[in-house]
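Visitor: I am new to this structure and would be grateful for a close look at one part of it, the surroundings of the ligand. Please begin with the setting in which that part is found.

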Amino acid sequence: PLAIHWFRRDLRILDNPGLYHAAKSAERVIPSYLLSNWTGQHHWTGPNRQKFLCEALASLDKNLQTVGGRLILRSGDAVEALLELVDESGARAIFYNEDPDPYGKSTEERLKAACESRGLACHGYHDVTLHAPHEVLTQSGDPYRVFTPYSKNWLGLEKPEPFPKPRSLGTPDDIPSDGLPTLAHWKLPEAGEEILEAGEKAAHNRLGRALEERLAHYKDHRDIPSISGTTRISQDLRFGLISPRTVYAKAAELLEKPSESEGVQTFIKELAWREFYMAILHHYPEVLEKEFNRDWRGLPWDEPGETFAAWKEGRTGFPIIDAGIRELRATGFMHNRVRMIVAMFLTKDLHIDWRLGEQFFMQQLTDGEIASNNGGWQWSAGTGADAAPYFRIQNPWSQTKRYDPKGEYIKRWVPELKDVPAKQLMEPPADGKPIASDYPLPCVDHKAERERTLSIFKKHKQSS
Ligand code: FAD
């Protein structure tokens with residue numbers, strides 16, 4: 001018999017439950033990917049992530065050829081395109097790995113209903129996290145709303161093993177495929193200049209290098225944006241170039257080494273944050289529109305104007321903010337510490353709705369992950385699950401002093417500041433003059449805006 005494996009956010013051959021089961025149950029497998037035509041329908045993606053996707057698909061196609069396969073690409077509505085492929089090929093079953101995002105889930109529901117009415121087998125597998133949301137619940141069976149007890153439970157659970165490599169796929173030769181996509185498919189402009197290399201092999205290399213060189217110092221280095229101290233695998237997990245089971249298994253091997261174990265434990269906790277936010281999105285899908293914490297629903301935000309434009313362009317006059325945004329635009333990535341500073345600045349210094357920042361990040365980030373991005377933004381805005389309390393407002397100047405004391409990160413991304421003494425990057429200009437001729441003055445006064453935020457939040461709390 002013939003089966004289809006529908007690739008989605010699992011663009012790899014190794015440790016792929018859906019592909020493994022398809023190859024196990026059918027003699028021949030059609031590996032397929034369906035390009036969506038989202039252009040103009042929403043504002044949550046952009047060239048950086050789509051460029052990475054294009055390369056990941058090209059690489060997947062090559063990898064599939066090493067196991068007797070070939071990627072069959074189609075575009076349009078996923079369910080209709082899959083059913084057409086079934087009719088053309090005579091396939092009797094569809095296999096896929098589940099996508100936890102709301103749109104992914106609703107597509108699966110439509111597919112399952114369509115398969116049922118046609119008597120087609122349809123098999124979905126959990127893949128995207130080590131533990132599905134329903135596996136990590138409180139003793140009374142409720143979802144966790146706070147990270148620490150969630151992570152204790154999560155850490156104590158036995159971790160699933162990676163799946164074996166699939167046997168040969170034997171994809172038929174006569175099934176037509178569209179060509180591999182480029183950004184033109186979505187009518188997108190050029191991507192940033194420094195997007196990481198995509199593909200399963202590149203992802204394994206990144207993880208291998210990080211485990212070898214970075215995890216021993218991960219705990220101390222992960223917060224310093226001028227150091228390459230983190231793994232840089234977020235986009236690989238986002239597109240499934242590597243599976244969370246494989247990441248965990250490889251990291252856990254290092255737990256045996258005393259010199260590495262502290263760093264590895266900290267790293268594993270970060271994987272738990274990823275799964276915590278996915279669980280929050282699963283149990284509380286309304287977070288995509290509303291504040292997780294009901295106390296903060298209906299907060300007043302300023303109309304986005306010039307300061308929002310300056311924030312998006314990296315010319316706020318706050319060097320750490322501008323460096324972060326410029327890193328994001330050039331690489332599709334921003335260091336986690338800087339993401340927090342930049343997000344808190346937008347919501348607490350510029351009083352702009354976190355949803356606008358969330359959208360901008362989704363347009364720019366190669367690792368744009370709906371659950372983690374929403375979690376990160378609501379954390380920074382003070383409205384989310386286990387969020388920073390509203391009155392703990394980070395000061396961008398003192399954050400610079402603490403995490404970029406020599407201004408190395410800032411100077412890398414804001415070249416017009418390369419000759420400015422580090423001290424001047426950590427405080428507003430005392431004489432009220434720009435610190436470099438082509439660099440703007442700070443667009444707001446942090447102290448005054450902090451007071452304004454405190455009063456907005458206090459007033460809202462009293463009135464609700
Ligand atoms: P490492 O430090 O090496 O961590 C390993 C992995 O753990 C990461 O690849 C990621 O999958 C996970 N992880 C680490 N920190 C977090 C975290 N705080 N929350 C959830 N998962 C985490 N991460 C995304 O993957 N996609 C996003 O769209 C995203 N948006 C964010 C928005 C904001 C405002 C903030 C504050 C954080 C956001 N993060 C997001 C989390 C974090 O910044 C990135 O996961 C991290 O910077 C990726 O770099 P790395 O792979 O080197 O991380």
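Visitor: Into which domains is the chain divided, and which residues are closest to the ligand?

Guide: A word on the model comes first. This is a predicted model, in which local features need pLDDT of at least 70 and side-chain atom pairs count only at pLDDT 80 or more, while totals for chains, interfaces and linings use all residues. Residues are numbered from 1 along each chain as its sequence is written. The chain has a mean pLDDT (the predictor's confidence in each residue, from 0 to 100) of 96, and 99% of its residues reach 70 or more. The scores of the model are ipTM 0.99 and pTM 0.97.

The chain is divided into domain 1 (2–128), domain 2 (129–161 + 199–283) and domain 3 (294–459); these bounds come from an automatic or database domain assignment. Residues of both domain 2 and domain 3 belong to the shell around the ligand, so the ligand lies between these two domains.

The ligand is surrounded by 28 residues, of which the closest are Thr 230, Thr 231, Ser 234, Asn 373 and Gly 376. Two or more residues of the shell come from each of helix H8 (234–239), helix H10 (258–283), helix H13 (336–349) and helix H15 (370–381). Helices here are DSSP runs (H or I, at least four residues), numbered from the N terminus. Helix H15 gives the most to the shell, namely six residues.

Ala, Val, Leu, Ile, Met, Phe, Trp, Tyr, Cys and Pro count as nonpolar, Asp, Glu, Lys and Arg as charged, and the others, Gly among them, as polar.

The C-alpha centres of domain 1 and domain 3 lie 38 Å apart. Eight residues from domain 1 and nine residues from domain 3 take part in the contact between them, where two residues are in contact if their C-beta atoms, placed from the backbone, lie within 7 Å. On the side of domain 1 that touches domain 3, two residues are nonpolar, four are polar and two are charged.

Terms used
Near = placed C-beta within 6 Å.
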